[in-house]
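Visitor: I would like a close look at one part of this model. Please keep it brisk.

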Amino acid sequence: MPPSISKSTLLEDNLTSDVRQRKNDLNDNPVSVDGEEIKGQESSTNYTDFKPEIRWPDLIVQIFLHSGALYGLYLLFSIKLYSFIWFIALIYGSGFGITAGAHRLWSHKAYKAKWPLRLLLVFLFTIAGQRDAYTWAHDHRVHHKYSETDSDPHNAKRGFFFAHVGWLFLTPHPDVVEKRKIIDMSDLEADPIVMWQKRLYVPLFALLAIAMPVVVPWYFWQENLWISFWTMFNLRFCTTLNIAFFVNSAAHMWGQRPYDK
């Protein structure tokens, strides 16, 4: 004779089964409360719905620089020969500060340099105007460690425009913010020249990236000051800027050489 089962036991089993089923349904179909997903008793940070916001001051700066560069390109055909030579020299010199300084030396530690060379490189890099060497190297290290992921400051998988310039005026992905905190920068923090430039970057930028390139042609061979500003600062600045941008965008999207080797 089978054991007897009370009605209360059957009711308890049914309730337990119903609760278990509801919990499974909740895990499979999360409920949204005030924009946050709740799965049973668990909660986790989810950035899949991250939407960047425009940083309007940075966007306005980029619009000014690039529209001004087009005007500078128009004026370039009217500058003096010495000014054109100066224009090319500034691009090559500041480019050397980027590649040999911020990139190979301070980002990748590809070689060692004594203080006179480091001072020269930080001088040339400041002419380029691409932020201070510490910040540039910081983001570049994050980029290489987490390339083409949400932790990459200029992730090329988010499209050409974002990798080229959009990342400069959009709020960074939360993963980028987190990874920036854990990248080791102790070697640069121990470099007095790098930290000196970081501390005084704004006045150094005004002096070396704007005033010096513009004033030299005007003072030494009487170039028109208006023309000198739009060509020697604006056009020259955007030229070196976009050369670097194309490495982040075009080279990563269509380049043939693996970037992680």
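Visitor: At what angle do helix H4 and helix H9 pack, and how far apart are their axes?

Guide: First, the ground rules. This is a predicted model, where local features need pLDDT of at least 70, side-chain atom pairs count only at pLDDT 80 or more, and totals for chains, interfaces and linings use all residues. Residues are numbered from 1 along each chain as its sequence is written, and side-chain values use heavy atoms, without hydrogens and water.

Helices here are DSSP runs of H or I, at least four residues, numbered from the N terminus. H4 (residues 115-128) and H9 (residues 192-199) pack at about 25°, with axes 9 Å apart. Axes are lines fitted to C-alpha atoms over the stretch in contact, and angles run from 0 to 180 degrees between N-to-C directions. That angle makes H4 roughly parallel to H9; the term covers angles under 35 degrees. The crossing of H4 past H9 is right-handed, meaning the near helix is turned clockwise from the far one by less than a right angle.

Now the residues. From H4 come Trp 115, Arg 118, Leu 119, Val 122, Phe 125 and Thr 126. They meet Pro 192, Ile 193, Trp 196 and Gln 197 of H9. Contact means heavy atoms within 4.5 Å. By class, seven residues are nonpolar, two polar and one charged. Nonpolar means Ala, Val, Leu, Ile, Met, Phe, Trp, Tyr, Cys and Pro; charged means Asp, Glu, Lys and Arg; the others, Gly among them, are polar.

Methods. Helices (H or I, at least four residues) and strands (E, at least two) are DSSP runs, numbered from the N terminus. Angles under 35 degrees count as roughly parallel, over 145 as roughly antiparallel, 65 to 115 as roughly perpendicular and the rest as oblique.
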